[in-house]
Amino acid sequence: SGTNLSISENATLKIVGTQSFPSFTNRIFHNNGVVEYGGSNQSITALPSPSYTKLKVSGTGTKVLGGTTVEATNSLAIASSLLEISEGQTLRIQNEITTVDTDATNGLFIKNGGSVIQTTEVNNQTTNINVGKIKMERITKPMYRLDYTYWSAPVSGNTLIALSPNSPANRFFQWNPDAVSPTPNWAVITGGTAQMVPGKGY
């Protein structure tokens, strides 16, 4: 810790052990300056302005957010260890997110009630900006026969039958804003096998 910190272009400040971000009176993060949490079981400090530019996660164990919102104005890269976003917490990243494919010990795990906000619009079907598979957990309320709940796919490739494998084949619906009577309406997706479209209501 000290008075001033400046992370210059393409330089990296690597924090190891179980340490969090050191305390500095003044901080300057250049556009390509990297803060890397490379230790074990660390808490990623929620910095007041200026926030991180490029944020990197490596090392071992589980990394957690040390506040309600952690922001990086450039990118996030996860090389190893597991980054967990808990209920009520938000990770805000402006540009690309690159991660190893998520499993029990590595990657990006967004727990129920947690959020990741990517402020630059990304369409990986046309431009492969984001790399790697994440895990997102969403828990519905207890469901009984003929109850319903609303879902929206955050990523491509999901199906309704995978979300609710015991539901009858005629109990899956998608929002149809172009329906004439009534307007709008819910259209049946028989069997629930069609792939969910990101951002659409089901």
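**View 1. Residue E36 is buried, with a relative accessible area of 9%.** Buried stands for under 20% relative accessible area, exposed for over 50%, and partly exposed for what lies in between, using a 1.4 Å probe and protein chains only. K14 is partly exposed, at 47% relative accessibility. The side chains of E36 and K14 form a salt bridge, with 4.0 Å from N to O. Because E36 lies in strand β4 (residues 34–37) and K14 in strand β2 (residues 12–15), the pair ties together parts that are 22 residues apart in sequence. A salt bridge is a side-chain nitrogen of Lys or Arg within 4 Å of a carboxyl oxygen of Asp or Glu. Strands (E, at least two residues) and helices (H or I, at least four) are DSSP runs, numbered from the N terminus. The model is predicted: local features need pLDDT of at least 70 and side-chain atom pairs count only at pLDDT 80 or more, while totals for chains, interfaces and linings use all residues. Residues are numbered from 1 along each chain as its sequence is written, and side-chain values use heavy atoms, with hydrogens and water left out.

**View 2. E84 and K111 form a salt bridge.** Their closest N and O atoms are 4.0 Å apart. E84 is in strand β10 (residues 82–85) and K111 is in the loop between β13 (107–110) and β14 (115–118), so the pair ties together parts that are 27 residues apart in sequence. E84 is buried, at 17% relative accessible area, and K111 is partly exposed, at 28%. In the whole structure, the search finds two salt bridges.

**View 3. Strands β8, β11 and β14 form an open sheet, in that order.** The pairing is parallel; two strands pair if DSSP finds at least two bridges between them. At the edges are β8 (69–72) and β14, each of which pairs on one side only. From one strand to the next, the twist averages 15 degrees. Strand β11 (residues 90–93) pairs with β14 over four bridges. T90 has S115 in β14 as its bridge partner.

**View 4. The second largest pocket is lined by 23 residues.** M143, D147, Y148, S167 and R171 lie nearest its centre. Its lining has 14 nonpolar, six polar and three charged residues. Here Ala, Val, Leu, Ile, Met, Phe, Trp, Tyr, Cys and Pro count as nonpolar, Asp, Glu, Lys and Arg as charged, and the others, Gly among them, as polar. On a 1 Å grid over the protein atoms alone, a pocket is an open set of points where a 1.4 Å probe fits, with protein on both sides within 12 Å along at least five of seven lines, and lining residues have an atom within 4 Å of a point.

Conventions: Axes fitted to C-alpha atoms, helices over the stretch in contact; angles between N-to-C directions.
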